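Please open the model in a viewer and keep the selection panel at hand.

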Amino acid sequence: AAAADEAFSAEFLNMARQVFEMIDKDDSGELDKAEIVTAVQSDKDVIKFLVNCGNENLQYLLVPARLEQAMNALDTDGDASISASEWEEAIEYALKAKLKNRAAQREAAAKAARKEIEEFTAEFLNAARKAFTIMDKDDSGTLSIDEIVRAVDPKTGDEAVVTFLRNCGEPNLQFLLIPKRLKKSLEALDTDKSGEL
């Protein structure tokens, strides 16, 4: 995340400098009202950057009724123009807001992923318990080889058990569905060698 934010920051600051240069038609190193008005009326790159920059005062440069207020807020030394350093100050503020938003989005995505994993795990465990319960015909709490063989029989087996085993993602359990590998799978699952699972 830090590397991605660093790359984002570098790209954002580079674009901000380019936009300043695009607006500064007379190359004075300062933006006057006329340059800003011209740029926000005709330069699509400038407009796009300002719309998405994340700084309210920079965005207000696009709104004729708020232009004067925005310029006053950005023009911290009161000389009726926006210097490169004043521009950079506004951009740094915008960048902090963007990085905070990116962090919040990452946290929300991580939280959603954790929730999805928890829900999947709970669903998987419920399906596994259900399959086990269906196979445990004598309610002993263990599965005999005979109970497993009957439950996974391609012709007479239980569809819920077969579906769970087919979709569980565990090779030793999936092998229970392949008659030729059934015995070997059962041996692998029978860790205490009791003949039951």
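What share of the 197 residues in the protein chain is buried? Buried residues, meaning those under 20% relative accessible area with a 1.4 Å probe and protein chains only, make up 28%. This is a predicted model, in which local features need pLDDT of at least 70, side-chain atom pairs count only at pLDDT 80 or more, and totals for chains, interfaces and linings use all residues. Residues are numbered from 1 along each chain as its sequence is written, and side-chain values use heavy atoms, leaving out hydrogens and water.

**Whole chain.** Select the protein chain and colour it by secondary structure: there are 10 helices and 2 strands, counted as DSSP runs (H or I, at least four residues, for helices; E, at least two, for strands). From the N terminus on, their order is α-β-α-α-α-α-β-α-α-α-α-α. Along the principal axes, the C-alpha atoms fill a box of roughly 90 × 30 × 25 Å.

**Helix α5.** Next, select residues 67-74, which form α5. The buried residues here are Leu 67, Ala 70, Met 71 and Leu 74. They lie on the same side of α5 because they cover an arc of only 100 degrees around the axis, the arc being that of the directions from the helix axis to the C-beta atoms. Turn to the face away from this buried side to find Gln 69 and Asn 72, which are exposed (over 50% relative accessible area).

**Surroundings of α5.** Finally, display β1 (30-31), α2 (33-42), α4 (56-60), β2 (82-83) and α6 (84-135), against which the buried residues of α5 pack (contact means heavy atoms within 4.5 Å).
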